Amino acid sequence: MLNEDYEINFNKYVQRYGKSGKYIEFEVKKRESQNKFYARKDKPIDLFATKNIDNKDISPIEPTEGIYKESDRTLESFWFYDGFYDKDDLLYYENNYGPLFFPTNPYFPRMRRSDDSQLGAYYEHFGSKVKSIIPYKNNDMVLDEEWGTMLYADGDYNDITITISNLIFRSRRIEDNSAKPFTMYLIKGIGNNRNNYQMLSEEVIMSSEVNNENGFNWAELDISKHPNATGNAENSELILTKANFPNILTTLNRDEHIRIMIKNDSDYIFDQECTFFIKNTSFSIKASINAAPPSRRVEWVNLKDAIDKVSENITDNGIRIESNVLSTGIFNHQYITTGQFLRGKVFNHFLGQKKLEVSFETLFEKGASKLLGLGYDVYNGKIVVEDLQYWFKDVESYDFTDKDFIEEETFFSNDNDLCYNSIKTGSKKYSTQRQDDIKNFNTYTEVQTPIVSKGKTLDLQSELIIDEKKIQELILDNSSSTNNNDDDTILIDCIEKEGFTDRGTFKKLKHFNSGGFLWIQQYEQGWDTIPIVPNQNLSIINSSLNQGTYKILEITPTKIKLNKTNNIETGEGFAEIEYRFTSSVIKSRVGLADEGFITAINVLNPNTSSNLLHNPKYQLARWYPFFSGMLEKKKDTELLKTLKYKNNGKVKIETKPELYGFGIRGEITLEDNVTLGAMRSQRNSFFTNGMQTVRLSGVTFYEYMSFMNNWRYGKLESGSFNRETSRGYVSVKLHDEIIKIYPFGNGSIKYYNKDNELEIAGKIKSNIQSQVPYIRLRWNDLYGGTDDKFCLQNQCTYNIFVQVSDLKSNVVSVEIYKKINDGDWLLFTSNTINNTFSDSVTNKIHSYKAVLTDSEGNTLESNILKYTGDSNGSSINVLNPGATTQTIYKRDSGSHGIGQTKIKDLQITTYDGSFITKIEVRGKFHAIGENIWSDITETLDITPSSSVTINHQWVYAFMDPSKYIGSRDWNGADSLFCQVKIYSSSGEVIEINPPIYIPWYATYPESITL
């Protein structure tokens, strides 16, 4: 009866005599290990301790080395007006100067670049110079060339943001009191002086408006009046992004630059009677990009292992964990760490030892349990940890319907414990950095339920840190002292991944030659915190120096040694590195298709955004079966209404089926309200809104024990308890109605041995199952989307996955229908449930839909997938074909070789949302003197994107025999040919023929410059 949860203490007993004879009274108490567990679960435990809480030897936990993809870092540069002009008037000067300023060239007040600027090549100023020429009888000045440009790209930048603050300019002609209108432009160009400058794009930011103030007419440009501006005239801000200026701010290639300049309207020419006044002298301009740093090598501990080690420590190895959901279930790759570990080697050296302190209460009860929807029980020397569905199974633990009930001790009541009119989900700890937290979404949300009577708040906010911006705060704290968050526990959702390729950006990477080898140095992130190892290949990309792939020879915290020994370029500048792992790694899951996501929109960067599956809306869905019984009588159209979503509720997420257990199927926006019907179609309620207490008579002790064993431990199968059949419901019969009860709460099961009576109190099981099946078609490829596809070849073959959710298990059939062009829907294939089918398309439009039929005769249609065949069309849009170069150098006195193949400024987008995945570049020419052909093809795999700009260089080794041309002296080439093949995720391949150039160089180093 007592099983292993209790101990009998025969040291405390009393012999007594009763009416029926002698008996012994003795002490029965909870097992010591369980007492220790409950008494000590709030005690912090160091997982790396070598002594447990009882000062006995214990093995420290073995952490796992993994890869955390840190959130993007913001690189920015800042320019401010420094009061250069007398009276803050661009056209006022103390002396008299001559000729007029001709506004055919744009102008702008002089701005000074902030010393701590991080983005772009260094220019101390930008704006219009003052140039003294011939004295003029009236006060005037001459505006001439610029000091420098504003943002000059020293690498390839993407998604540039320009922020203009507090800008108010005025212009008028004094003599006739006339306003002189002007317009402010955003300009993209290349070249840094008048001789080689070329404007690439120019777009209007805004124009001045005529304003009369105290009788004076002004042309005034006030950014606070721009429709997209925020603030007021005293404190205003206008943010320019690629959404408004796609031709300028989407990409900025190396050596291109951006300026903000002004032109007078109608080609008006300033004269000595004009004034251009800077009304608000605190105006400034900021340019920024988000750049992903390299991944971070971290040590973390699997959540299951952490719970196990805490339990082992506080119970002196008396209780150990058992968990399916944390071992092989959807939460098997949840890892915990702290700020101390994320901060890397510097902090670990300061500590002198590893330390990760958690208590069961903070780690589980206030942390993982709330976030993931987990419960636990302690018995038989183990702690069982499982998700909510485990504790309220749709399994009958015992059937007591043949027992009578005692009416006086049997009653029904409303479940007031589950009467909530608001629910809070999310985390209690998230970033509050005002500049950077605008995109964080793992904050918290408060949802209002349809319960209108006075109720309570269900607070499910976790004390674990899951916000990617908060995690980054801890990473970027490089001090050697502790901070308030160092001991806070961080939880990171991870994935095991094969063939992971990582890329990271450095704002300043120094290249130097030491001992005849290339060394690269930077102080932004210790090289020993980047997951690279000696003898691994590392590529330097998007850099003006030493582009190529090299082997790592040596790693120190600040610099690494590479095996490049020839033509080493020295200097410092913006750069990216790339490296690949050949074995599987445990890494933080991000919002990419091959990590389980169909959609991840409005996050800072899907390539780096972590813990997407732990957002507050998914957490709400995980807990819905538990609290939804109170909403049983509410209509499907009523809402779980979002009262507040902290920061970025605009995030849109959709996962692939294998991740449905984390939250909600289909695309959702985190801040949107959710109907009860939508939730009911996906998740069943465990209970109704009622509590039932029943006392049964005629229950033998054997029946009671059988019930208890079935309910708590599981049914006996092959001599052992199967806990997968535990924690079910009890069936009782009250009058003519069968009631199913989940025992719930302290004292919910009481057995009266003297009277053979059993009392059960608990929640009434809900018999309402999800009524609406779900069916959806999606492309069965790497990206798993539903967007229309285009076949631009003679024929395309593809697979479609039929995705069915059937919680009631009553789907009878699924039929696939196909329509060609505008014809009728015809049956294509039958009985395809959670399976795939294949087809191919030529020059036609193929459309597909699925029709589901359930056991009650109801039908449900899926979405429609469409594949358009058009061998003469293309979903790939080449904005700029770029140019290909194959350089020639003289190897020795009588032979030549090819130094490199490079492609520059190839710009590609897609019409249908598919991704560009790869290009092949083929360069071919005829060497006249040798009468031989050179024919080289290179391949570049691309991080999948629907919009790419490609600048890439393939450098060939000096004296590489495969790139040898001939033994005669070079005397030209003809029959130049270049072909670029572009591959998309939809299976399309197109070919273009950009121009090819074959320049000749005297030396090898000259031939491989970018």
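Which residue in β30 does leucine 374 stand opposite?

Author: Leucine 374 stands opposite aspartate 387 in β30. The model is predicted, so that local features are taken at pLDDT of at least 70 and side-chain atom pairs at pLDDT 80 or more, while totals for chains, interfaces and linings use all residues. Residues are numbered from 1 along each chain as its sequence is written, and side-chain values use heavy atoms without hydrogens or water.

The strand that holds leucine 374 is β29 (374-379); strands (E, at least two residues) and helices (H or I, at least four) are DSSP runs numbered from the N terminus. Its antiparallel partner is β30 (residues 382-387), to which 6 bridges join it; strands count as paired if DSSP finds at least two bridges between them. Strands of a sheet pair through backbone hydrogen bonds, either parallel or antiparallel.

The two belong to an open sheet of 3 strands, ordered β26-β30-β29, with mixed pairing. β26 (320-322) and β29 form its edges, and each has a single partner strand, so one side of each lacks a neighbour in the sheet. On average, neighbouring strands here are turned by 25° against each other, direction ignored; axes are lines fitted to C-alpha atoms, for helices over the stretch in contact, and angles between N-to-C directions run from 0 to 180 degrees.

Helices pack on this sheet. Helix α3 (residues 303-314) touches β26 and β30, and its direction makes about 145° with that of β26; contact means heavy atoms within 4.5 Å. Helix α6 (residues 360-372) lies across β29 and β30 and runs at about 135° to β29.

Leaving aside residues up to four places away in sequence, leucine 374 touches Val325, Leu326, Phe331, Phe364, Ala368, Ser369, Val385, Glu386 and Asp387. Asp387 in this list is also the residue that stands opposite leucine 374 in β30.

Leucine 374 also has a place in the largest nonpolar core, which has 79 residues. Such a core is a set of buried Ala, Val, Leu, Ile, Met, Phe, Trp, Tyr and Cys residues joined through side-chain atoms within 4.5 Å; buried means under 20% relative accessible area, exposed over 50%, and partly exposed in between (1.4 Å probe, protein chains only). Leu374 is among the residues with the most contacts inside this core, together with Leu47, Leu303, Ile307, Ile336 and Phe627. Helix α9 (residues 616-627) contributes the most to it, with 7 residues. There is also a second, separate core of 53 residues, which includes Ile162, Met184, Ile285 and Ile289.

In the loop between α3 and β26 stands aspartate 316. Aspartate 316 has a positive phi of about 55° although it is not a glycine, and with a relative accessible area of 25% it is partly exposed. Serine 975 likewise has a positive phi of about 55° without being a glycine, but it is found in strand β72 (residues 973-984). At 42% relative accessibility, serine 975 also counts as partly exposed.

Strand β13 (residues 168-173) pairs with β23 in the antiparallel sense over 5 bridges, and phenylalanine 169 stands opposite isoleucine 278 in β23. Of the 5 residues of β23 (residues 274-278), 4 are buried, so this strand is largely enclosed by the rest of the structure. Strand β34 (residues 444-448) is joined by 5 bridges to strand β33 (residues 420-426), and the two run antiparallel; here lysine 424 stands opposite glutamate 446. β34 also runs antiparallel to strand β45 (residues 639-645), with 4 bridges between them, and glutamine 448 has lysine 641 as its bridge partner in β45.

10 of its 12 residues are buried, so α11 is largely enclosed by the rest of the structure. Its buried residues include Tyr704, Phe707 and Trp711. Glycine 714, whose phi is positive, near 110°, follows α11.
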